[in-house]
Amino acid sequence: MAAKLTAGQARRIALAAQGFLDPRPEVATMRQVQRVIDRLQVVQIDSVNVLARSQYLPFYSRLGAYDTALLDRARDGGGPRSRAPRRLVESWAHVASLIPPETWPFLGFRMAQARDDGWRDRVEREHPGVLDTVREVVGEHGPLTAREVDRLVEHGVVRSRDNWGWNWSLVKECLEHLFSTGEIVSSGRNSQFERRYALPSFVLPPEVLARAPGQPGAPDRAESALELMRRAVRAHGIGTATDLSDYFRLRQVMADPALAELVALGEVEQVTVEGWQKPAFLDAAARRPRSVTARALLSPFDSLVWERARTERIFNFHYRIEIYVPEPKRVFGYYVLPFLWGDQLVGRVDLKADRAAGRLLVRRVHLEPGAPDGSREALAEELAQLAGWLGLERVEVT
């Protein structure tokens with residue numbers, strides 16, 4: 001019979017797997033940043049900067065007031081034109097995400113799908129040679145932003161305004177296609193959050209390039225699914241089949257056989273969890289703490305909470321991001337961060353960094369029904385620490 005876990009046990013296993021069991025270091029080093037990378041495997045990217053760029057926040061939630069230059073160096077090497085080894089590279093993983101370089105080849109099946117989606121054939125038919133030219137410019141002059149490539153390409157391309165208001169030139173579309181297919185990669189981003197495009201050989205180490213799509217050592221779909229699900233299980237600690245497949249956005253037709261193989265290998269155990277309607281899958285090596293004493297504000301894009309159904313199941317916390325909701329219809333606010341205290345999500349707070357005035361604006365606070373005594377004081381302490389990390393002088397409740 002499958003082992004049965006309580007809801008509390010499952011919640012604490014999930015928190016431990018995501019790195020919330022360890023105390024925050026007094027001074028975070030690259031070693032601690034790497035530990036977070038190893039645990040999460042995927043860090044979502046988003047352009048919203050109302051508080052801080054989303055990739056910085058999961059590291060703050062786990063490490064406290066760390067130096068963000070550590071993460072920049074992990075992603076960019078030694079600088080814009082550096083060939084230094086990266087600890088993180090950008091790819092379409094969950095969505096646009098940072099991943100360890102060794103994970104990149106296992107997403108080759110997705111790159112192959114992008115190459116065969118029909119867009120390439122149409123562009124090569126309507127604009128012969130433009131893809132080759134864009135690739136050659138990146139190879140000769142890169143790393144380059146899209147605007148820099150646009151200036152260098154000598155084709156007279158027509159800008160299009162018919163794609164939901166976006167004004168990407170054909171060159172930009174070619175760059176995004178080549179990035180999706182793995183023919184070029186991102187060597188990092190500049191201060192305007194623009195990708196710098198480069199050839200894979202500029203960014204990826206030889207052992208990763210040897211497994212790139214089209215190379216003899218490239219993993220097939222089954223091997224890729226197995227490894228991605230293995231990493232998803234470790235990052236979750238415990239989850240349903242749907243939870244686990246969502247981590248790298250795998251279709252169930254790929255994810256289910258891989259999960260069954262992990263069970264057969266003894267790396268994963270099928271269990272039942274009190275209150276869960278579907279079977280759960282437990283990392284056989286997962287830590288099973290008796291208690292968790294975390295205190296953290298979580299980005300809306302943090303991997304602990306990005307799968308909203310799982311968040312509700314584990315924490316009894318209904319959470320939706322309301323950035324795209326008209327203001328009069330918002331329930332909790334524009335950029336709302338869940339507040340983790342102990343092993344529960346006890347509240348949520350709508351925040352904005354007013355950098356010009358040096359203020360962390362607290363626009364709305366909501367504590368959950370039954371939030372334990374001390375929740376408000378714990379949140380106030382966390383907000384003060386967050387303001388200091390952001391270089392803001394004070395917390396102001398508006």
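## A tour of pockets, sheets and helices

By class, 6 nonpolar, 2 polar and 6 charged residues line the second largest pocket. Here Ala, Val, Leu, Ile, Met, Phe, Trp, Tyr, Cys and Pro count as nonpolar, Asp, Glu, Lys and Arg as charged, and the others, Gly among them, as polar. You are looking at a predicted model, where local features need pLDDT of at least 70, side-chain atom pairs count only at pLDDT 80 or more, and totals for chains, interfaces and linings use all residues. Residues are numbered from 1 along each chain as its sequence is written, and side-chain values use heavy atoms, with hydrogens and water left out.

**Stop one: the pocket.** Select Ala17, Arg39, Arg234, Ala235 and Asp283, which lie nearest the centre among the 14 lining residues. A pocket is an open set of points on a 1 Å grid over the protein atoms alone, where a 1.4 Å probe fits, with protein on both sides within 12 Å along at least five of seven lines; lining residues have an atom within 4 Å of a point. The space inside comes to about 240 Å³, taken as that filled by probe spheres set on the points. Now colour helices H1 (7-17), H2 (30-40) and H12 (221-236): each supplies at least two lining residues. Helices (H or I, at least four residues) and strands (E, at least two) are DSSP runs, numbered from the N terminus.

**Stop two: the five-stranded sheet.** Next, show the open, mixed sheet, ordered S10-S11-S12-S13-S14; strands pair if DSSP finds at least two bridges between them. S10 (294-297) and S14 (394-397) are at the edges with a single partner strand each, so one side of each has no neighbour in the sheet. Zoom in on S12 (344-354) and S13 (359-367), an antiparallel pair with 8 bridges. Which residue in S13 is the bridge partner of Gly347? Leu367 is.

**Stop three: two helices.** Select H5 (108-115) and H9 (170-181), which pack at about 140 degrees with axes 7 Å apart. Axes are lines fitted to C-alpha atoms, for helices over the stretch in contact, and angles run from 0 to 180 degrees between N-to-C directions.

**Last stop: a three-stranded sheet.** Finish at the open antiparallel sheet S2-S4-S3. S3 and S4 (96-99) pair over 4 bridges, and Glu90 stands opposite Leu98 in S4.
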